[in-house]
Amino acid sequence: MSTARSGVVTLLHTACGAGILAIPYAFRPFGLVPAIFMLLFCGLCSMMGLLLQSRIAKYGPLKNVSFFSLAQVVNPASSILFDAAIAIKCFGVGVSYMIVVGDLMPKIWSRVSSSGLLLSRNVNITLVMLFIVGPLCFMRRLNSLRYASMIAIGSVAYLCILVIVHFAHQTTELRELKGEVSVGLPHGEPTPLTTLPIFVFAYTCHHNMFSVINEQKNTGFTYVRYIAIVSILVAFVLYVVIGSTGYLTFGDNITGNIIALYPDTLSTTIGRIAIVLLVMLAFPLQCHPARESINNMIKYVQDRYSPQTSYELTAVDADNLEINNDVTSINSRANDKEEECMDTKRFMIITACILFCSYLLAISVTSLARVLAIVGATGSTTISFILPGYFGWSLIGTEYTSNGNQLPLRKSTVIFKYIGLVMTIWGIIIMITSLIASLFFGASH
C-alpha cells in the first residue's frame with residue numbers, strides 16, 4: 001500500500017513537469033502581483049478538482065475507481081469519450097518530454113565529448129527510451145515510482161535554488177539582459193491570454209489522482225483530502241518562488257525556457273541535467289493513465305459485442321456509513337465484484353505500443369507546441385475541471401437507504417455538489433478561452 005507522503009510526491013511530480021521552466025515567462029503579460037494572484041486562483045481551482053475526486057471516489061469500485069468506472073455509473077455511453085481525452089492528452093505530453101530530452105542531452109554531452117554519436121538527438125532519445133523510460137513504464141503501480149518521483153522533485157528543488165541564486169547574485173552579464181519589471185499590469189505587452197494556459201494547467205495532476213487514491217490503505221475523504229491540499233500548496237510555493245525570482249531577474253526579456261538565458265556554466269549544465277531527469281521520470285506518470293484509458297476504451301468496445309452487467313446505483317443500507325461519518329459509500333456494484341484489472345498480456349502490449357508510438361513521434365518532429373496547446377486546452381481542462389465537476393454534481397448526494405428513500409443531505413454534501421456544478425461551468429469557460437488563446441494568440445503551456 002502507498003502512503004500519503006508518496007501520494008503527495010506522485011501528484012507533485014506529475015504537476016511539475018518541464019512546464020515549470022515557463023512559469024517566469026507566464027509572469028510577463030500579467031506583471032508580478034497579478035501573476036501571483038493568478039497562480040493562487042488557478043491553484044485553488046485545481047485543488048477543488050482534486051478534492052472533488054477525493055469525494056466521489058467512493059462511488060466507484062473499491063480500490064479500482066477511475067473516470068471510466070464513474071462514467072459507467074452516470075452515463076456509460078460517455079466513458080469512451082472521456083478516456084480518449086485522457087489518453088490523447090497524456091500521450092501528447094509524454095512525447096513532448098522526449099522532445100525535451102532530444103533537445104537538451106546533446107548540449108549536456110557537448111561539455112564532455114565531441115562524439116557525433118553522443119551529440120545525436122535521435123541516439124539520445126533512443127537510449128533514454130530503452131534503458132530508463134521503458135523499464136519504468138512497465139511498472140504497474142504508481143507507488144513503484146516513488147523513488148523516481150523523489151529524484152525528480154530533487155531536480156525541481158535544484159532548479160528552484162538555481163533561479164534564486166542567479167536572482168540574488170546577478171552578474172554583469174545577467175544585469176545587461178534584464179528588461180523592464182512591472183509590479184502591476186504592464187503596458188505595451190501582449191494580452192494575458194498568451195500565457196493564461198501556463199497558469200491554468202500548471203497544476204494538472206488529476207489524471208493520476210484516482211490511482212493515488214486506489215493505492216492508499218485508507219481511501220476515506222477525510223484522509224485523502226490532505227494529499228490533494230499538500231500537493232497543490234507545495235506546487236504553489238515552488239511556482240511563486242521560481243516565477244517571481246525568474247521574472248525579477250530578466251523582466252520583460254524573459255523567454256519560455258528560463259535556463260536557456262543563464263550563462264553556459266557548470267551550474268547551468270547541472271540544471272539541464274536536472275530538467276532531463278525531471279522529464280524522463282515524468283514520462284511514466286503520463287504513460288500510466290494513458291494505458292488505463294486505452295484499456296478502458298478496448299473494454300468498452302468489447303462490451304458492446306459481449307454485454308456484461310453494467311454499474312448501476314443501488315440502494316445502500318443506511319447503517320453502512322463510513323467510520324469518518326461520510327455518507328454511505330456506494331460500492332455495491334454487479335454482485336460486489338471489483339472491475340477486473342488489466343491482464344499481463346494486454347498490459348505489456350498497450351505499454352509497448354505507447355512507447356513505440358511516442359518514440360517514433362519524438363524522433364520525427366522537433367516541436368509540438370501548437371498541437372500540445374490545443375490538446376492541453378481540451379484534454380487538461382476536461383481532466384482537471386469538467387470531469388471532476390460533472391461527476392461531483394451527478395453523484396454527490398445520491399445515496400439511498402435500503403427502503404429506497406434518499407438520505408438527508410448534510411450542508412457539506414450540498415456545498416460539494418454545487419461546487420461540482422461550478423467547476424463544470426468553469427472548465428467549459430476555460431476550455432473556450434484556452435482554445436482562443438492557442439489558436440489566435442499562439443499561446444502554449
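The structure is a predicted model, and its protein chain holds 15 helices and zero strands. Of the 445 residues in this chain, 53% count as buried.

**Overall fold**

- Among contacts in the protein chain that link residues at least 6 apart in sequence, 86% join residues that are at least 24 apart.
- The protein chain exposes about 18,900 Å², and carbon and sulfur atoms supply 65% of that area.

**The interior**

- The largest nonpolar core has 113 residues, and those with the most contacts inside this core are Ile20, Met98, Val133, Phe199, Tyr239 and Phe391.
- When residues up to four places away in sequence are not counted, Ile20 touches Val156, Leu159, Tyr239, Ile242 and Leu278; of these partners, Tyr239 is itself listed with Ile20 among the core residues that have the most contacts.
- Helix 4, which covers residues 67-74, is largely enclosed by the rest of the structure, because seven of its eight residues are buried.
- The buried residues of helix 4 are Phe67, Phe68, Ser69, Leu70, Ala71, Gln72 and Val73.

- Lys63 lies in the loop between helix 3 (32-56) and helix 4, and its phi angle is near 65°, which is a positive value in a residue other than glycine.
- With a relative accessibility of 27%, Lys63 counts as partly exposed, because this value falls between the 20% limit for buried residues and the 50% limit for exposed ones.

**Cysteines**

- The count of disulfides in this model comes to zero.

- Ile428, Ile432, Ile436, Leu439, Phe440 and Phe441 make a nonpolar surface patch of about 590 Å².
- Ile428, one of the residues in this patch, has its place in helix 15, which covers residues 411-440.

Note on methods
Residues numbered from 1 in each chain as written. Predicted model: local features only at pLDDT ≥ 70, side-chain atom pairs only at ≥ 80, totals over all residues. Heavy atoms only, no water. Patch = residues over 30% accessible without salt bridge, like charges linked within 9 Å, V, L, I, M, F, W, Y side chains within 5 Å. Areas by Shrake-Rupley, 256 points an atom, 1.4 Å probe, with all protein chains shown as cover. Salt bridge = Lys/Arg side-chain N within 4 Å of Asp/Glu carboxyl O. Helix = DSSP H or I, 4+ residues; strand = E, 2+ residues; numbered from the N terminus. Buried < 20%, exposed > 50% of the residue type's maximum accessible area, 1.4 Å probe, protein only. Core = buried A, V, L, I, M, F, W, Y, C linked by side-chain atoms within 4.5 Å. Contact = heavy atoms within 4.5 Å. Disulfide = S-S within 2.5 Å.
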